[in-house]
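I hope they are handy to have beside your viewer.

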Amino acid sequence: GFIHDGSSWVAGADLSTKQFYAVKQTAAGSVNVATTGDSIVGVLINKPTSGQAADIVLFGPCKVQVGSAGFTQGDTISVDSSSKFATQSTGVNPVGFAIDTAVSGDIARIMLRPVTFA
């Protein structure tokens, strides 16, 4: 995927336990975990503590933390209330589609294609 090297974004909180979670911009140059309905920047792929560089996949194939609903290969994916990824809920921003079939707690692959809604 297209990986941002962390030169522009830093963790706005301790994200050391949030590898492969959805992140959103929370202030200029700062990211934190996203939740249902947020427009996301991408997927955090490192484990930064507050103020450290945040490496983020912006677009393309990437690993994600699978939420409680899980997903099936080919499903449209959205972010759940735990900042993880699951089959798209009605009315929630799509962020990509599933490459793998996975259950809650898995780390699985999606094709990340975030969509921003006003």
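Predicted model: local features only at pLDDT ≥ 70, side-chain atom pairs only at ≥ 80, totals over all residues.

1. Residues are numbered from 1 along each chain as its sequence is written, and side-chain values use heavy atoms, with hydrogens and water left out.

2. On secondary structure, the chain has 10 strands and zero helices. Both kinds of element are DSSP runs numbered from the N terminus, with helices being H or I of at least four residues and strands E of at least two. The radius of gyration is 13 Å, close to the 13 Å from the globule rule for 118 residues, so the chain is as compact as a globular protein of that length. That radius is taken over C-alpha atoms, and the globule rule is 2.2 Å times the number of residues to the power 0.38. Along its principal axes, the C-alpha trace spans about 35 × 30 × 25 Å.

3. Next, burial and surface. Of the 118 residues, 41% are buried (buried is under 20% relative accessible area, exposed is over 50%, and partly exposed is in between, with a 1.4 Å probe and protein chains only). The accessible surface comes to about 5600 Å², and carbon and sulfur atoms hold 50% of that; the areas come from the Shrake-Rupley method with a 1.4 Å probe, and for residues only the protein chains shown count as cover.

4. Charges: there are 7 positive and 8 negative ones, and their mean positions are 2 Å apart. Lys and Arg count as positive and Asp and Glu as negative, without His or the chain ends. Each charge is placed at NZ of Lys, CZ of Arg, CG of Asp or CD of Glu.

5. The loop between β2 and β3 deserves a visit, starting with Leu15. Is Leu15 buried or exposed? At 1% relative accessibility, Leu15 is buried. Beyond its neighbours within four places in sequence, Leu15 contacts Val31, Asn32, Val33, Leu44, Lys47, Pro48 and Thr49. Its C-alpha is 19 Å from that of Ala108, a residue 93 places away in sequence.

6. Ser16 lies in that loop between β2 and β3 as well, but is partly exposed at 26% relative accessibility. Setting aside residues within four places, Ser16 contacts Lys47, Pro48 and Thr49. The C-alpha atoms of Ser16 and Lys47 are 4.0 Å apart despite a gap of 31 residues along the chain. The side chains of Ser16 and Asp14 make a polar contact of 2.7 Å. A polar contact is a pair of N or O atoms within 3.5 Å; within protein, one must be able to donate a hydrogen and the other to accept it, and residues adjacent in sequence count only if both atoms are side-chain atoms.

7. What does the side chain of Asn46 reach? Its polar atoms lie 3.0 Å from the backbone oxygen of Ala53 and 3.0 Å from the backbone nitrogen of Asp55. Asn46 is in the loop between β5 (42–44) and β6 (56–65), and is buried with a relative accessible area of 18%. Its contacts outside four places in sequence are Gln19, Ala53, Ala54 and Asp55.

8. Two residues to check for backbone angles are Phe20 and Ser83. Phe20 is not a glycine, yet its phi is positive, near 75 degrees; Phe20 is buried at 13% relative accessible area. Ser83, likewise not a glycine, has a positive phi near 70 degrees. Ser83 sits in the loop between β7 (76–79) and β8 (85–87) and is buried at 6%.

9. Not counting residues up to four places away, Asp100 touches Phe71, Thr72, Gln73, Ala108 and Arg109.

10. Last, Arg113 follows β10 (107–112) and is partly exposed at 44% relative accessibility. Apart from neighbours within four places, Arg113 contacts Phe59, Pro94, Val95, Gly96 and Phe97.

Notes:
Contact = heavy atoms within 4.5 Å.
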